[in-house]
Amino acid sequence: RVLYRLRLVDDPKPDDAEATRAELESLAPKAKPFEFAELLTAHARAVCVPGTPDCPHCVLKGECPTGQE
């Protein structure tokens, strides 16, 4: 959901999990891929929620087309 709203992936629920994993690997810092995934998940649960995300309080708002709408 976060990656889709940031326009980093094309499909919010991709059919090809392996392709999505490969895309994520290219985005994650090489030294801390697990920390990246954990922080992204925490952000999705707390701020970038389904339905109505809390865009006004999002630290990624400046980079997010959805948050800027």
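A nonpolar core is a set of buried Ala, Val, Leu, Ile, Met, Phe, Trp, Tyr and Cys residues joined through side-chain atoms within 4.5 Å. Keep in mind as you go that this is a predicted model.

**Stop 1: the core**

Select Val-2, Leu-3, Leu-6, Val-9, Leu-40, Ala-44, Cys-48 and Cys-64, and show their side chains. Those eight residues make up the largest nonpolar core. Helices α1 and α3 each supply at least two residues of this core.

Now zoom in on Val-2. Which residues does Val-2 contact, leaving aside neighbours within four places in sequence? They are Leu-40, His-43, Ala-44, Cys-48 and Leu-60.

**Stop 2: His-43**

Select His-43, which sits in helix α3, residues 33-46. Is His-43 buried or exposed? Its relative accessible area is 12%, and buried means under 20%, so His-43 counts as buried. Show what is around it: apart from residues up to four places away in sequence, His-43 touches Val-2, Cys-48, Cys-58, Val-59 and Leu-60.

**Stop 3: a closed space**

Time to look for gaps. Rolling a probe the size of a water molecule over the atoms shows where empty space is left. How many cavities of 30 Å³ or more are there? The count comes to one, and the volume of this largest cavity is about 90 Å³.

To see what surrounds the cavity, select Val-2, Arg-5, Leu-6, His-43, Val-47, Cys-48, Pro-53, Asp-54, Cys-55, Cys-58, Leu-60 and Cys-64. Colour the lining by class and you get nine nonpolar, one polar and two charged residues.

**Stop 4: the largest pocket**

Next come the open spaces. The largest pocket has a volume of about 260 Å³. Select Leu-3, Leu-24, Phe-36, Ala-37 and Leu-40: of the 13 residues that line this pocket, these are the closest to its centre. The elements giving two or more residues to the lining are α1 (2-5), α2 (17-27) and α3. Which of the elements gives the most to this lining? It is α3, with six residues. By class, the lining of the largest pocket divides into nine nonpolar, one polar and three charged residues.

**Stop 5: the second largest pocket**

Move on to the second largest pocket, which holds about 170 Å³ of space. Its lining is Leu-3, Leu-6, Leu-8, Leu-27, Phe-36, Leu-39, Leu-40, Leu-60 and Glu-63, so select those. Here too α3 gives the most, with three residues. Eight of the lining residues are nonpolar, none is polar and one is charged.

**Stop 6: Glu-63**

Click on Glu-63, one of the residues lining that second pocket. Glu-63 lies in the loop between α3 and α4. With 62% relative accessibility, Glu-63 counts as exposed, because the cut-off is over 50%. Not counting residues up to four places away in sequence, Glu-63 touches Leu-6 and Gln-68.

**Stop 7: the salt bridges**

Side chains of opposite charge can pair when their charged atoms come close. How many salt bridges are there in this model? The count comes to two.

For one of them, select Glu-69 and Arg-7, whose side chains meet at 3.5 Å, N to O. Glu-69 lies in the segment after α4 (65-68) and Arg-7 in the loop between α1 and α2, so this pair ties together parts that are 62 residues apart in sequence. At 73% relative accessibility, Glu-69 counts as exposed, while Arg-7, at 45%, counts as partly exposed.

Stay on Arg-7 for one more look, this time at its backbone. Its phi is near 65°, a positive value in a residue other than glycine.

Then select Glu-35 and Lys-32 for another salt bridge, with the closest N and O atoms 3.7 Å apart. Glu-35 counts as partly exposed at 38% relative accessibility, and Lys-32 counts as partly exposed at 48%.

Conventions:
Residues are numbered from 1 along each chain as its sequence is written. This is a predicted model: local features need pLDDT of at least 70, side-chain atom pairs count only at pLDDT 80 or more; totals for chains, interfaces and linings use all residues. Side-chain values use heavy atoms; hydrogens and water are left out. Helices (H or I, at least four residues) and strands (E, at least two) are DSSP runs, numbered from the N terminus. Buried means under 20% relative accessible area, exposed over 50%, partly exposed in between (1.4 Å probe, protein chains only). Contact means heavy atoms within 4.5 Å. On a 1 Å grid over the protein atoms alone, a cavity is a set of points where a 1.4 Å probe fits but cannot get out, and a pocket is an open set with protein on both sides within 12 Å along at least five of seven lines; lining residues have an atom within 4 Å of a point. Grid points are joined across faces, edges and corners, and a volume is the space filled by probe spheres set on the points. Ala, Val, Leu, Ile, Met, Phe, Trp, Tyr, Cys and Pro count as nonpolar, Asp, Glu, Lys and Arg as charged, and the others, Gly among them, as polar. A salt bridge is a side-chain nitrogen of Lys or Arg within 4 Å of a carboxyl oxygen of Asp or Glu.
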